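User: Could you walk me through a few features of this model? I would like to begin with the open spaces and then move on to other topics.

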Amino acid sequence: MTYMTVEFWFLIGAALVFWMQAGFAMVETGFTRAKNAGNIIMKNLMDFCIGTVVFSLLGYTLMMGEDALFGLIGKPNLNLFAHFKDFIESPADGFTDASFFVFNLVFCATTATIVSGAMAERTKFSAYCVYSGVISLLIYPIEAHWIWGGGFLSRMGFHDYAGSCAIHMVGGIAALIGAALLGPRIGKYVKDKNGKVTKVNAIPGHSIPLGALGVFILWLGWYGFNGAAATSASELSAIFLTTTIAPSAATCTTMIYTWAKNGKPDVSMCLNASLAGLVAVTAGCDAFDAVGAGVVGIVAGILVVAVVEMLDLKLHIDDPVGAVGVHCANGIWGTIAVGLLANPNAPAGLKGLLYTGDFRQLGLQLLGFVCVALWASVTMFLFFKLLKKMDFLRAEPADELSGLDSSEHGLPSAYADFMPSVDKYAEFGTVEPVIAVTGTTPVAEAVPVKKEPVFSGEGHKFTKVEIVFKEEKLYALKDAMSKLGITGMTVSHVMGYGMQGGHTEYYRGVAVETDLRPKVQMDIVVSAIPVRDVIETAKKVLYTGHIGDGKIFVYDVENVVKVRTGEEGFDALQDVE
């Protein structure tokens, strides 16, 4: 192939890698709750845009500049701005500097976006913007220089063709540290009075179809991710082959594994497995043969499930999308696998231990893994620790419960034509109300009681208590009522407003008067339990000191009939069969 043809494919490959940003956005959006969809789209947009700015200013030259400090860093320069004509001029026997810039930029953006999913649903948007700038400005460019910019690892013979180590492992390490320091989402883990986790709650994503769309987009983009640097048809076809076999083997393995383990194949875990196989094959996509790619995929399919479950069930680190299992664990595995499974007959011509008995390549892969992992671990720990120390990392509990779309971006919902579900505010058994009293409005005005009947006479009387309140209080109120002895309730989503009227937000600069605000209505019929106890319990849970905390309506009930048994009156309210 001529240099012009190769460079054209090089840039098409870069465009495919850029398209992977859409894939990451869809996977993360689908695997998390609808109340944060707009926030996630914004993060995936801005980590690329912020990354482009800082990578242009300094990151690119730190990565690809003239080698300095014994292969540790590239020498900064301003050629992109000061010598633009030379920057875009085609050399006689190579690519333009502009092509190298665009190619390396889209890879840098991939590293940055990995973290978003692991820290989703509870990170301040401003903190994420700062993170995106730091990783694209300093952390990624320096370690990428070691591997691809002529640094010490590349000179020694370390092999990471497309980024299992430089991109996925680094992004995965940042995701692990960030998620651990940030802490879990509210309600993810239930703890006893001593702080020991007694229960792990599943928080399902709101759209498996969106997640699947993201995986297919990523898989398509991965052919550019792995294949863009190929310089011959033979090399490119070999890379396409291994890039297809590994994720397929990983997905089949995970399907069988979860089917045998849980009784049914796990959809979301199989989607993760496809990505895990792609991550693992990336370092050696030009060094593996078909068998090696299959082995890499099989191990990846088991590894992703084991790591995701270990983090959640054992270490209690909340990673909503499985980013650590996909990128960190399989980035490490893919890096080491080159030293084990590289076939000398593949385009790279490397000598893997299991094919040749030669330990040299495996030693180099382990050395590279240790160096890059130490760099990423130390720098990202210090960075996230500083943000946490400054109280700049985590969103406020009330903002997290209501959804970052609303609190961070003024979006009532990313799906404007669809009413959000009350389940998005699940606190999974929070014992005390999460939102503190911050207002000064008296309880009688914040949570007014419209009527409370007084009964006299003999026999059981039935009373319906209808409570309308803010969505984020649903599970706190449900738990409180259960502890009071309430064994049945009806919960529905309603829209409305009281004397305070609507709340103005802005969309594309235009005020949107949301006259109807989403609320939750809980209906309870009581007889044996005193109505006053129900009312006071509701007031205690709902009160924050602001107008609009809720309203309580109390009605007389003539009779209660249980349809299945035909029981009436007091007996119909009893759940004991």
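Analyst: A definition comes before anything else: helices (H or I, at least four residues) and strands (E, at least two) are DSSP runs, numbered from the N terminus. This is a predicted model, in which local features need pLDDT of at least 70, side-chain atom pairs count only at pLDDT 80 or more, and totals for chains, interfaces and linings use all residues. Residues are numbered from 1 along each chain as its sequence is written, and side-chain values use heavy atoms, with hydrogens and water left out.

User: Which helices each supply at least two residues of the lining of the second largest pocket?

Analyst: Those are α11 (267-282) and α12 (290-315), and α12 gives the most, with five residues. A pocket here is an open set of points on a 1 Å grid over the protein atoms alone, with protein on both sides within 12 Å along at least five of seven lines, whereas a cavity is a set where a 1.4 Å probe fits but cannot get out; lining residues have an atom within 4 Å of a point.

User: What is the volume of that second largest pocket, and which residues lie nearest its centre?

Analyst: The volume is about 710 Å³, taken as the space filled by probe spheres set on the points, with grid points joined across faces, edges and corners. The lining has 30 residues, and K188, S268, M269, V308 and D312 lie nearest the centre.

User: OK, how many cavities of 30 Å³ or more are there?

Analyst: The count comes to two. The largest cavity has a volume of about 130 Å³, and of the 13 residues that line the largest cavity, F24, V27, V321, A323 and H327 are the closest to its centre.

User: Switching to α6, is that helix largely enclosed or exposed?

Analyst: Helix α6 is largely enclosed by the rest of the structure, because 18 of its 24 residues are buried, where buried means under 20% relative accessible area, exposed over 50% and partly exposed in between (1.4 Å probe, protein chains only).

User: And what comes after α6?

Analyst: α6 is followed by G150, whose phi is positive, near 90°.

User: Last topic: which strands pair with β9?

Analyst: Strand β5 (residues 462-469) pairs with β9 in the antiparallel sense over seven bridges, and strand β6 (residues 490-496) also pairs with β9 in the antiparallel sense over seven bridges; two strands pair if DSSP finds at least two bridges between them. In β9, V520 is the bridge partner of F469, while R517 is that of G496. Strand β9 (residues 517-526) is itself mostly covered, with seven of its 10 residues buried.
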